[in-house]
Amino acid sequence: MRSFDVVIVGGGSAGAALAARLAAPGDRSVALVEAGPADTEERVLDVRRWWDLIGSDLDLDYGIEPQARGNAAIRHSRARVLGGCSSHNSCIAFPTPGPDLERWVEQGATGWDPATLRPAIDRVLGTVPLQLAAPDSPLIDAVLEACAAAGLPTVDFATWDLTPGAGRFRLNVQGTTRQSSSVAYLHPLDELPENLELLLEAPVSEIVLGQGRAVGVRTAGGVVRAEQEVVLCAGAIDSPRLLQLSGVGPAEHLRSVGIEPVVDLPGVGAHLLDHPEGVVNYAASRPIEPTLQSWDVGVFADSSGTGGPDLMLHVGSEVFDLHTAGHGYPTADSGVAFTPNVAHARSEGTVRLRSADPGVKPSIDFAYFTDPDGYDERVMVDGVELAREIAAQAPLADWLDRELSPGAGVTARQELSEYVRRTANTVYHPAGTCRMGRPDDRRTVVDPQLRVLGIEGLRVADASVFPSMTTVNPNLTCMAIGERAAELLRA
Ligand SMILES: Cc1cc2nc3c(=O)[nH]c(=O)nc-3n(C[C@H](O)[C@H](O)[C@H](O)COP(=O)(O)OP(=O)(O)OC[C@H]3O[C@@H](n4cnc5c(N)ncnc54)[C@H](O)[C@@H]3O)c2cc1C
């Protein structure tokens, strides 16, 4: 049996940052136990190949339950490699907006206010190099001019204060090499500090609990013992899965799959959030130069008139026909895609076990577009209409030949809703399943120090602790959670 002071499960966006920061002073031994291999292959490091990793041997590739109102064909990519999803994502990089953190505080995450989290965010920005997307692309210039003509002024995301507008993304990339949490915090892997050990290809099947305390984790190679703490950084699907496999979760559900509950925590695996995404595709009227990872512009709009953005669109210099081609919509080799997403979607889903066998994939139900007031559906349809409005503006209109999907003849909101829900994808941002909040709130799983309620020596630090979804792409926020977790463990 190996023994360390702190055992971190999952070397993804948050876990790699946490491991590096916790080990840096050299005063405690840290094991980073990662299900997947090292991230040293070119197909992982070269951001231009990010889409090739989807559904590959490095992807846990989770299916979802049948959806009453959404697209059940969505596959949820979850990377099984050092760096986690930051090793196969598209590297769009946003620090956490202040208003999102203020909302977290309102929801019980005391101590996660913008001022307190600022040092952690600054350390992420000081560690992870960023570069501007497609600085010389005439198509992207045309997209931004069209957005401005549609009333969405060009903003610089480096100094942006969350007002409606459109801008070139910043990417956590240097040249063509992704700056994942692993690359930025851990590489070179053969020069890690002596007190930080990487245990790779070591999927954890259970947290070992003894007398109300986490004392280690079980892998195929045996138990890895934690003298001080276990920290789950396995992501928004696998952290709640591991808790439930270990008897921490909704008691009735655990019994239904033959697991004796240790702590009845109803919030574990509940409150599954995402950014649901639709698409409006156009064929190009002229050749389009490929860009690094094809998605270079973000558009943020205020569809509810509340002052802040509640609708985001990614603009891609390609046709995104993943879920439209199969439904018979035409496609093209060259084009432009607008993918609206609901920034603060209100539908909430679940991550549950199908079996007590850790080898069986979980039951994941996003319950897309099921919020009772139809808010998610309304924002999504607004997004389709906004995409069309932008596409109709000069000079972008000259780049576009015709609308491929849903097709210019589809205009009624009800028809647009049916199209966009049937062909929806995800922005791959699951979160919220081990929600951070007030200890007296039944939905809370971790307190603001990230400690799992009811068990000593066990924390969660990854996207699953989000009290609510960020307006923006969440990867740097996950790294900041890793940074913050290191502060909290040291305290
Ligand atoms: C295809 C795709 C594109 C995306 N694009 C962007 C983008 O451009 N910008 C952005 O901001 N966000 C993007 N995201 C989202 C972002 O990458 C994630 O929100 C973020 O990486 C989540 O970080 P995390 O630390 O919660 O989990 P992860 O980074 O997923 O880390 C979890 C780690 O735990 C490991 N693990 C899981 N189970 C076990 C186990 N049982 N034992 C041991 N280890 C385990 C996994 O192998 C993984 O390394 C994208 C995601 C995907 C999938």
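Leu117, Ala120, Ile121, Arg123 and Val124 of helix H4 meet Leu476, Met479, Ala480, Glu483, Arg484 and Glu487 of helix H11, a contact being counted where C-beta atoms, placed from the backbone, lie within 7 Å. By class, this contact has seven nonpolar, no polar and four charged residues. The model is a predicted one, in which local features need pLDDT of at least 70 and side-chain atom pairs count only at pLDDT 80 or more, while totals for chains, interfaces and linings use all residues. Residues are numbered from 1 along each chain as its sequence is written.

H4 (residues 114–127) and H11 (residues 475–490) pack at an angle of about 120°, with their axes 8 Å apart. That makes H4 oblique to H11, the term for angles that are not under 35 degrees (roughly parallel), over 145 (roughly antiparallel) or 65 to 115 (roughly perpendicular).

Strand S20 (residues 335–342) has eight of its eight residues buried, so the strand is largely enclosed by the rest of the structure; buried here requires 20 or more other C-beta atoms within 10 Å of the residue's own. Gly335, Ala337, Thr339 and Asn341 cover one side and Val336, Phe338, Pro340 and Val342 the other, all of them buried.

Terms used:
Buried ≥ 20, exposed ≤ 12 C-beta atoms within 10 Å, placed from the backbone. Helix = DSSP H or I, 4+ residues; strand = E, 2+ residues; numbered from the N terminus. Axes fitted to C-alpha atoms, helices over the stretch in contact; angles between N-to-C directions. Contact = placed C-beta atoms within 7 Å. Nonpolar A, V, L, I, M, F, W, Y, C, P; charged D, E, K, R; others polar.
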